[in-house]
Amino acid sequence: MTMSLGQTKAITDICLLVEDIDRTIDFYTQKLGYRIRRRAEGFVDFHSERVTLAAWQLDHINRHCGVSNVRSPKQAHKACVAMELESAGEVDRLYAELSDKGVPFVGPPGDYVWNARCAYFHDPDGTLWELYAWTGAGPGDYHDTQG
């Protein structure tokens, strides 16, 4: 029996498709503190712990690969990038720190039914980000898919 792709390979990169690569670089370096790993025309990727975070300008990927460069309407979400933090206090601390830098949060951190404290913000292209930490019983009781 052959193992499926999802059972044998790890996700190594998340690439956000963006309208303006320079605006994206400014946001991710100046507001979120990422460091650039590689930079090329219409493309950048950043140093990250386990998964490479990259951004590719829509017009560049369209010109070179034929991928559509149709822009999504504002407030239309197609993906959410999430970061698990060590504690609910860390969610609150980062919310305050990033808010002070002008990062546009949806609202203040909140405690959710899935046993997590979360805060949500958008990058300049409207990509939704989630900062979260497990609380209470953690993911087990709400996310139990075995039963």
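## Elements and confidence

The model is predicted. Its mean pLDDT is 88, and 92% of the residues reach 70 or more.

Helix 2 has the highest mean pLDDT, 97, while helix 5 (residues 139-143) has the lowest, 61. Over residues 143-147 the pLDDT stays under 50, and the model has three contacts for this stretch beyond four places in sequence.

Four strands form an open sheet in the order 5-8-7-6, and their pairing is mixed. Strand 5 and strand 6 (110-112) stand at the edges; each has a single partner strand, so one side of each lacks a neighbour in the sheet. From one strand to the next, the twist averages 35 degrees.

Strand 7 and strand 8 run antiparallel and are joined by seven bridges. Across this pairing, F121 stands opposite W129 in strand 8. Helix 4 lies across strand 7 and strand 8, and runs at about 20 degrees to strand 7.

In soluble globular proteins, nonpolar side chains tend to be buried together. The largest nonpolar core in this model has 24 residues, and Y28, L32 and F121 have the most contacts inside it. At least two residues of this core come from each of strand 1 (13-18), helix 2 (21-31), strand 3 (43-46), strand 4 (52-57), helix 4 (88-100), strand 7 (116-122) and strand 8 (128-134). Helix 2 gives the largest share, four residues.

What does L32 touch, leaving aside residues up to four places away in sequence? The residues are F27, L98, V103 and F121. Another core, of five residues, lies apart from the largest one; A116, Y120, L128 and Y132 are among its members.

## V70 in its loop

V70 is found in the loop between helix 3 (58-65) and strand 5 (80-84). Is V70 buried or exposed? Exposed means over 50% relative accessible area, and V70 counts as exposed because its relative accessibility is 64%.

The position of V70 can also be given relative to L58. These two residues are twelve apart in sequence, and their C-alpha atoms are 8.0 Å apart in space.

Terms used
Residues numbered from 1 in each chain as written. Predicted model: local features only at pLDDT ≥ 70, side-chain atom pairs only at ≥ 80, totals over all residues. Heavy atoms only, no water. Core = buried A, V, L, I, M, F, W, Y, C linked by side-chain atoms within 4.5 Å. Buried < 20%, exposed > 50% of the residue type's maximum accessible area, 1.4 Å probe, protein only. Contact = heavy atoms within 4.5 Å. pLDDT = per-residue confidence, 0-100. Pairing = 2+ DSSP bridges. Axes fitted to C-alpha atoms, helices over the stretch in contact; angles between N-to-C directions.
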